[in-house]
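Welcome, and please open the model in your viewer. We will go from the whole chain to single side chains, one selection at a time.

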Amino acid sequence: MDIKSMKNYLYWLYCQFELITCCYLMEPWEKLLFYTFNITMLLTVLYTAYIFVSAHVSMAFQFFLHIFGNQHENTVPVLK
């Protein structure tokens, strides 16, 4: 795929996005507010997913390690 066709494809995707969201009807300042809000929300969701999903996966991994009997090295066994 060459650069020109990729550029045309991206422009086509942008036009489709404007048609779906009806952005082509907005004033330039309304578009700026709309895009700023949407990008801010997208970045907030991605950041939250990055922080909390990794923490939940780590906690789930530790939980399953504890269930299946793997003990940490710093724990003292109950029976000797």
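A residue is called buried under 20% relative accessible area, exposed over 50%, and partly exposed in between, with a 1.4 Å probe and protein chains only as cover. On that scale, buried residues are 4% of the 80 in the protein chain. This is a predicted model, in which local features need pLDDT of at least 70 and side-chain atom pairs count only at pLDDT 80 or more, while totals for chains, interfaces and linings use all residues. Numbering runs from 1 along each chain as its sequence is written, and side-chain values use heavy atoms, without hydrogens and water.

**Whole chain.** Start with a surface view. The protein chain exposes about 7700 Å², and carbon and sulfur atoms supply 73% of that area; accessible areas come from the Shrake-Rupley method with a 1.4 Å probe. Now switch to cartoon: you will find two helices and zero strands. Both are DSSP runs, numbered from the N terminus: helices are H or I of at least four residues, strands E of at least two.

**Helix 1.** Select residues 3-21, which form helix 1 and include Tyr9.

**A nonpolar patch.** Next, select Met6, Tyr9, Leu10, Trp12 and Leu13, which make a nonpolar surface patch of about 490 Å². Patches take residues with over 30% relative accessible area and no salt bridge, joining like charges within 9 Å and nonpolar side chains (Val, Leu, Ile, Met, Phe, Trp, Tyr) within 5 Å. Tyr9 is partly exposed, at 42% relative accessible area.

Which residue forms a salt bridge with Glu18? Show Lys31: the closest N and O atoms of the pair are 2.9 Å apart. Glu18 lies in helix 1 and Lys31 in helix 2 (residues 28-67), so the pair ties together parts that are 13 residues apart in sequence. A salt bridge needs a side-chain nitrogen of Lys or Arg within 4 Å of a carboxyl oxygen of Asp or Glu, and the count by this rule is one. Glu18 is buried, with a relative accessible area of 10%.

Finally, step just past helix 1 to Cys22, which takes a positive phi of about 60°. The structure holds zero disulfides, a disulfide being a pair of cysteine sulfur atoms within 2.5 Å. For Cys22, the nearest cysteine sulfur is that of Cys23, 7.8 Å away. Is each one buried or partly exposed? Cys22 is partly exposed at 37% relative accessibility, whereas Cys23 is buried at 0%.
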